[in-house]
Every structure is written in structure tokens, then in C-alpha cells.
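Me: I've got a model open and would like to talk through how it packs. Can you take my questions one at a time?

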Amino acid sequence: MPKVIDGEQRRADIADAVLRLAARDGLPAVSLRSVAAESGLNIGSVRHYFDGQRDLMRFAMRSTIDRVSARLERRRASLRPLSELTPDEAAAQLTDFLAELLPLDAPRRAEATVLVEFLVAARVDTDLTELAHEALGGTLALARRIVSALSLPPAAADLEAERLAALLDGLTFRSALHPEATTPEVCRDVLRAHLTSLSAEFAAAP
């Protein structure tokens with residue numbers, strides 16, 4: 001009896017191969033042939049699911065964004081209302097939540113490295129521009145929700161959301177590009193310090 005192939009799982013496996021290659025060797029190393037070798041498939045199988053390298057790259061970037069979003073959504077479901085927490089507890093909870101975006105372990109480091117590679121490539125590759133805007137916009141939207149939950153004064157909320165998004169993006173870029181300088185411990189400490197100051201403002205708000 002012929003083996004039934006799960007097309008979506010095969011596409012996901014190929015996307016995993018793209019992410020491994022991009023994280024290890026950079027985007028220039030990604031080609032249909034190298035992805036076929038990395039995934040243990042023949043090049044014809046890869047071409048069956050993807051029209052070419054650009055299609056492959058878009059799917060890999062889409063897959064990365066979706067994975068991070070899904071992980072955040074799972075974590076969000078377990079969060080306690082900030083109004084029930086002390087400022088220190090609120091800062092700790094938010095640090096653990098937002099740390100899902102940062103390259104603090106091997107899987108998240110691979111994701112962050114690939115996203116950095118994609119964002120840089122999107123400067124000149126219009127096929128990736130929309131997804132790059134989505135990735136950056138998603139971080140800002142998340143920062144706005146955090147600031148909104150902290151009930152900061154409206155005059156300060158927009159600026160604080162931009163500042164939090166810039167901090168997350170900056171830590172991600174620095175740690176992905178120079179992990180020996182911006183370690184996971186540094187990332188967490190910087191994020192926790194910033195969120196502690198925001199939580200203190202929340203506690204002091206009328």
C-alpha cells in the first residue's frame with residue numbers, strides 16, 4: 001500500500017530545514033538544493049511543495065512568525081491580571097512572558113537569528129517586505145497591549161510602547177548577532193529592570 005504523505009507536515013519539515021540552515025550559515029546558504037540535503041529529501045520533493053527559493057523563504061519566515069505568535073498566545077492564557085499582582089510580581093510575570101521573544105535558549109536563538117536575517121534581507125527583497133513589517137508591527141502591538149494593561153497615563157502610553165518595542169528589538173538583534181556580549185542573563189536583567197520601572201509607574205498611577 002502506498003505511503004500517505006502529509007503535505008503540511010512535509011512543508012513544515014522543509015521550513016525547519018530552512019531555519020536550521022539560515023541560523024547556522026546565513027540566508028545566502030539557503031537554496032533548493034541545500035534545503036533538500038538538510039531535510040533529507042531529493043530536490044524534486046522540495047520543488048513539489050515550493051515553486052522556488054523565494055517561495056521557500058517566504059514560507060520559512062511566515063512559519064517563524066506563526067510559531068512565535070502561537071507560543072506567546074499559549075503563555076498569555078496563563079497570565080494573571082496585573083491588578084492582582086504587586087509591582088515586583090507584575091514585572092516578573094511580564095519578563096517571563098516577553099522573554100519568549102528573546103534568544104534565551106537554542107530554539108529561540110535560532111528563531112531570532114533567522115528573523116534578523118530575514119529583516120535585513122527585506123531591505124532589498126520586496127517579497128519579504130510585508131512579512132518584515134508584520135514581524136516588527138507585531139512586537140509594537142504586543143508592547144502596546146502591555147502598556148495598556150499597566151494603565152499608564154495616555155500621554156505617556158504611546159511613547160512607552162515604542163520604547164518597550166525598541167528595547168525588545170534591540171535585545172534580540174544584539175543577542176542574535178553578538179551572543180557573547182549580550183548574554184541571556186543580560187537580556188533578562190535589562191528587560192526586568194525596564195518592566196520593574198513600568199510596573200512601579202502602574203502602581204503609582206491614580
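Me: Which residues of H8 are buried?

Reply: This is a predicted model, where local features need pLDDT of at least 70, side-chain atom pairs count only at pLDDT 80 or more, and totals for chains, interfaces and linings use all residues. Residues are numbered from 1 along each chain as its sequence is written, and side-chain values use heavy atoms, with hydrogens and water left out. Helices here are DSSP runs (H or I, at least four residues), numbered from the N terminus, and buried means under 20% relative accessible area, exposed over 50%, partly exposed in between (1.4 Å probe, protein chains only). On those terms the buried residues of H8 are Ala157, Glu160, Ala161, Leu164, Ala165, Leu168, Leu171, Thr172, Ser175 and Ala176.

Me: How far apart are the end C-alpha atoms of H8?

Reply: The expected span of a helix is 1.5 Å times one less than its number of residues. H8 has 24 residues, so it should span 34 Å. The model agrees, with the end C-alpha atoms at 35 Å.

Me: What does Leu164 touch, leaving out residues up to four places away in sequence?

Reply: Contact means heavy atoms within 4.5 Å. With those sequence neighbours left out, Leu164 touches Leu98, Ala143, Ile146, Leu191, His194 and Leu195.

Me: Is His194 buried or exposed?

Reply: His194 sits in helix H9. Beyond its neighbours within four places in sequence, His194 contacts Glu160, Arg163, Leu164 and Leu167. Its relative accessibility is 11%, so His194 counts as buried.

Me: What is the volume of the largest pocket?

Reply: On a 1 Å grid over the protein atoms alone, a pocket is an open set of points where a 1.4 Å probe fits, with protein on both sides within 12 Å along at least five of seven lines; lining residues have an atom within 4 Å of a point. The largest pocket has 29 lining residues, with Val68, Leu72, Leu101, Ala135 and Thr139 nearest its centre. Its lining has 15 nonpolar, five polar and nine charged residues. Its volume is about 520 Å³.

Me: Which helix gives the most to the lining of the second largest pocket?

Reply: About 190 Å³ of space lies in that second largest pocket. Helix H5 (87-98) and H7 each supply at least two residues of its lining. With four residues, the one giving the most is H7.

Me: Last one: is Ser151 exposed, partly exposed or buried?

Reply: Ser151 lies in the loop between H7 and H8. Its phi is near 55 degrees, a positive value in a residue other than glycine. Its relative accessibility is 45%, so Ser151 counts as partly exposed.

Notes:
Grid points are joined across faces, edges and corners, and a volume is the space filled by probe spheres set on the points. Ala, Val, Leu, Ile, Met, Phe, Trp, Tyr, Cys and Pro count as nonpolar, Asp, Glu, Lys and Arg as charged, and the others, Gly among them, as polar.
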